[in-house]
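Student: Hi, could you walk me through this one? I'd like to go piece by piece.

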Amino acid sequence: MATRKRTIEVELSTTGLDSQGRPQRVPLMVDESGRPVDYEAPPVFEDELDGEPMLINVGPQHPATHGVLRLLLELEGEVVVRCVPHIGYLHCGFEKIGEYRQYNQIIPWTDREDYLNSIGNNVAFSLGAERLFGVGMTERCKVLRVIAMELSRIISHLVWLGTTCIDIGAFTPFLWCFQERENVYNLLERWVGARLTTTASRVGGMAADVPEGWVEQVAHFVKTLPRTINETDRMLTKNAIWVGRTAGVGALTAAEAISCGLSGPMLRASGVDYDVRKDFPYLEYETYDFEVPVGTQGDIYDRYLVRLEEIRQSIRILEQALARLPDGPVNVDDPRVILPPKSMATSEMESMIHHFKLVMEGPRPPIGEVYMPVESPKGEKGYYFVSDGTAKPVRWRIRPPAFVNLSAIPKMVEGHLLSDVIAINASIDIVMGEIDR
Amino acid sequence: MSIGRMVVGSALPADAPAPATPRDIPHTGGPENPSAAAVRERFPDAVQRVEVIWGETTVYIDPPRVREVLEWLNGDESQRYDYLSDVTCVEYRDFGRPLQVVWHLRSFPYRRFLRVKVELAKDAELQVESVTDLWEGANWLEREAYDMFGVTFRGHPDPRRILMWETYNEGFPLRKDFPLRGRFSRSEQLRQALTAHPGASYLLEELSPASIYRDLPADMRERYIAQSSED
């Protein structure tokens, strides 16, 4: 695991300064005259002990594995020599169930797959399905979807930051992050009525327009969030313990990261500036002004910096989206996919038949297939649809970014200490609902 | 191997248009990915057909030749498909149609996306060559494709099931002949699971190579057998 040496300026929370303003050092050992002497490590005897490698299970029921992940570790002393991940404890067959559902009926399943990014998944699914149907979306819908995706990116990164702090031993940022996440959930609740399982979008539009005053509330949130982010930044970025636990741990080079198929912050921390929003844009992301943060070392510390910066960039995108949110309808005017208004469905025969056919039979896409990648907080999430012209997809495939990112964990942990396994695992940002599906 | 900033799209000319959200994509037809023509030129007898649907180019390859084509796409300077997005399979409801294995490839330097497909007749053995040595990320994706569809990837270093457990013997869940609710009733599934692991135990002290033998990759199994025969 070759990493370049680098210097991170570290601050201690309680610095004692001497009369010249320089930080005071606390001597560990002093000689008779009271002068500090260099500490000499005691001789190590353990190397001569010869033992068998030890097999241990981390998980599947372990709080630091972020769900039901089981890592079978082979240890030589405290060093991991082999790591065999076992997944599938949460396998529900989402893709199989999707083959028996109409397109709009699959959207609730996308909530439950990567449940920290549920509204982002809804939007991604709708984008893919719309391309398959050949329908467009309205301008207002486009901007609302950008707002939804960036809000959900903020939620996901905040949860990642909070839980990773817990794993590494810092408790306070966890509370700050979860407080802010609560604010986003309150916003989502006002919009679609649900907090976690939003099911916010439909093929051709959204489930509902945003309520009155919602945009101002988001604007207020966007204004207050940077304070929390800056606070967390001050707390962690130069924290000696945080740097010690994360810098140089679990590093992957750019070539390794590309070969392993990593995506999202994991790939960018290794120095590859691939972001689906920039390279294969959707929702007109090319018209928003934002930067893609890239790391240099590919270690946990860089992944932390990348994710922190991504929250700030999401705030920038949100500000621009709120400023340009146009008025107008949310749903596209296309009777192939959009239901007639309820008032018409109960008063006009044609609308009632139309409503009945769309609900009972479902909209039918033409024969074809679509792979729709979006930049989810975890990485490149792709929905792959294959249609044979009926109302239910022949194949609905989720390209799970966390699944592919997790597959690189043996590469990252082998040779590291057991305690680093927890930190490395946290840095991948896994959601087992998405990995097992 | 150095760690440095790798800029995506470096192989494109400086005046290449910036990527933009595609609009008004036609159902069929439209511009074809230039790699498709390159593959056709390089492997004229291996390409079965090329389709462009909703703006995405699909190249159908003769199954025995697919590994060769993928290797060329990955390694050739004019293509550089260095990123494997996805490996998966598609089975149609029409039972007579062949099962398809799909590779979604991405070229970072040329900013291209290509879908490569092979069609495997269902009455023959479902086998293709593994690409784990070209893209390490293919490892788990191929294991999942095997687990869900029963397609064997020849040369895979660790061909175990991944989402289902090792002793699962009801077949391949995403195949169309597999019923949505599974092959057996819930009570029968539970009974089978218990009989498969008669001594199933979750105590950590009992985690020995013998009790987790099935969960180990092949090379670890061999190593532990060799160790136990030495003792």
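Student: How do strand 6 and strand 7 of chain A pair?

Tutor: Strand 6 (residues 368-376) of chain A and strand 7 of chain A pair in the antiparallel sense over 9 bridges. Two strands pair if DSSP finds at least two bridges between them, and strands are DSSP runs (E, at least two residues) numbered from the N terminus. Gly368(A) stands opposite Ser387(A) in strand 7 of chain A. This is a predicted model, where local features need pLDDT of at least 70, side-chain atom pairs count only at pLDDT 80 or more, and totals for chains, interfaces and linings use all residues. Residues are numbered from 1 along each chain as its sequence is written, with chains lettered from A and ligands numbered from 1 in the order in which they are written.

Student: How many residues sit between strand 6 and strand 7 of chain A?

Tutor: There are 2 residues between them, and the two strands form a hairpin.

Student: And is strand 7 of chain A covered or exposed?

Tutor: Mostly covered: 9 of the 9 residues of strand 7 (379-387) of chain A are buried. Buried here means that 20 or more other C-beta atoms, placed from the backbone, lie within 10 Å of the residue's own.

Student: Which residue is the bridge partner of Phe385(A)?

Tutor: Trp396(A), in strand 8 of chain A. Strand 7 of chain A and strand 8 (residues 395-399) of chain A run antiparallel, joined by 5 bridges.

Student: Switching topic, how is chain A divided into domains?

Tutor: Domain 1 covers 52-86 and domain 2 covers 94-330 + 366-436; the bounds come from an automatic or database domain assignment. Their C-alpha centres lie 27 Å apart. The contact takes 17 residues from each of domain 1 and domain 2 of chain A, counting residues whose C-beta atoms, placed from the backbone, lie within 7 Å.

Student: Which element gives the largest share of domain 1's side?

Tutor: Strand 3 of chain A, with 6 residues.

Student: Now chain B. In what order do the strands of the open sheet come?

Tutor: The order of its 5 strands is 1-2-5-4-3, and the pairing is mixed. Strand 1 (47-53) and strand 3 (83-90) of chain B are the edge strands, each pairing on one side only.

Student: What does strand 1 of chain B pair with?

Tutor: With strand 2 (residues 56-61) of chain B, in the antiparallel sense over 6 bridges. Val52(B) stands opposite Thr57(B) there.

Student: Last one: how many residues of chain A are in contact with chain B?

Tutor: 58 residues of chain A, with 50 residues of chain B.

Conventions
Contact = placed C-beta atoms within 7 Å. Helix = DSSP H or I, 4+ residues; strand = E, 2+ residues; numbered from the N terminus. Buried ≥ 20, exposed ≤ 12 C-beta atoms within 10 Å, placed from the backbone.
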